[in-house]
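Here are two exercises to work through with the model open beside you. Each has a task, then a stepwise solution.

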Amino acid sequence: MDATTVAAHVNPFAIGTLALDGIQVALGHVDDYVTRLEGFVAQHGTGDLDAVANAATKDARIAAFRVNKDAQARLRPVFEDTSMNEHVRSLTKQADASLEDSSWQIQNKDSPDGRFVGIDLGGALDDARDAAEALRKILQ
C-alpha cells in the first residue's frame, strides 16, 4: 500500500488536520461517556431510577454530562464549517444531535420540547452509541 492509499484510508474525506483531530478527540470523549453510561446501566438497569439511585448517581451523571458537552463542543466547529465535506458535516451534526438527546436523558429534568421526561439510562446509552457510530464512519 503506498502512502497515498494509507492517507486516504486514514482520512477518506480529506478533512483538515484540526478538524480531524477535533473529531478524534470528540470520539474519545464519546467513548468515555458510553463507558460511564454502561456502568450506570450495569448497576441500575434501564428503568426509572428511584430516589436513592437518583441521589447516588447525581454527581457521576453530572460528570458524564460534562464529558458529553466537551464532545459536542469539539463537533460544533466541524458541522458549522460550510466549507467542510457535506457528508462529514451531516455525520457530525447527527452525532451532536444524538449526544444532545442523550444528555437530556441523564438529567433529572424534562427537555424543553417534551420528548424526554426524567432519567432514561438505556435511552441515553443508545443515543451515545449512535453518536460514536456516526463519528467512526468519518474516521474509518
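Buried means under 20% relative accessible area, exposed means over 50%, and partly exposed is in between (1.4 Å probe, protein chains only). This is a predicted model, where local features need pLDDT of at least 70, side-chain atom pairs count only at pLDDT 80 or more, and totals for chains, interfaces and linings use all residues. Residues are numbered from 1 along each chain as its sequence is written, and side-chain values use heavy atoms, with hydrogens and water left out.

**Exercise 1.** Work out where the partners of the Asp101 and Arg115 salt bridge sit, and whether each is buried or exposed.

*Solution.* 
1. Grab the N to O distance: it's 2.7 Å for Asp101 and Arg115, and a salt bridge takes a side-chain nitrogen of Lys or Arg within 4 Å of a carboxyl oxygen of Asp or Glu.
2. Helices here are DSSP runs (H or I, at least four residues), numbered from the N terminus.
3. Check accessibility: Asp101 comes out at 16%, so it's buried, while Arg115, at 52%, is exposed.
4. Look for shared partners: salt bridges join Asp101, Asp113 and Arg115 into one network.

**Exercise 2.** Characterise the salt bridge between Asp31 and Arg136.

*Solution.* 
1. The closest N and O atoms are 2.7 Å apart.
2. Asp31 belongs to helix H2 (residues 17-44) and Arg136 to helix H5 (residues 121-139), 105 residues apart, so the pair links distant parts of the chain.
3. Asp31, at 28% relative accessibility, is partly exposed, and Arg136, at 38%, is too.

How values were computed. Helix = DSSP H or I, 4+ residues; strand = E, 2+ residues; numbered from the N terminus.
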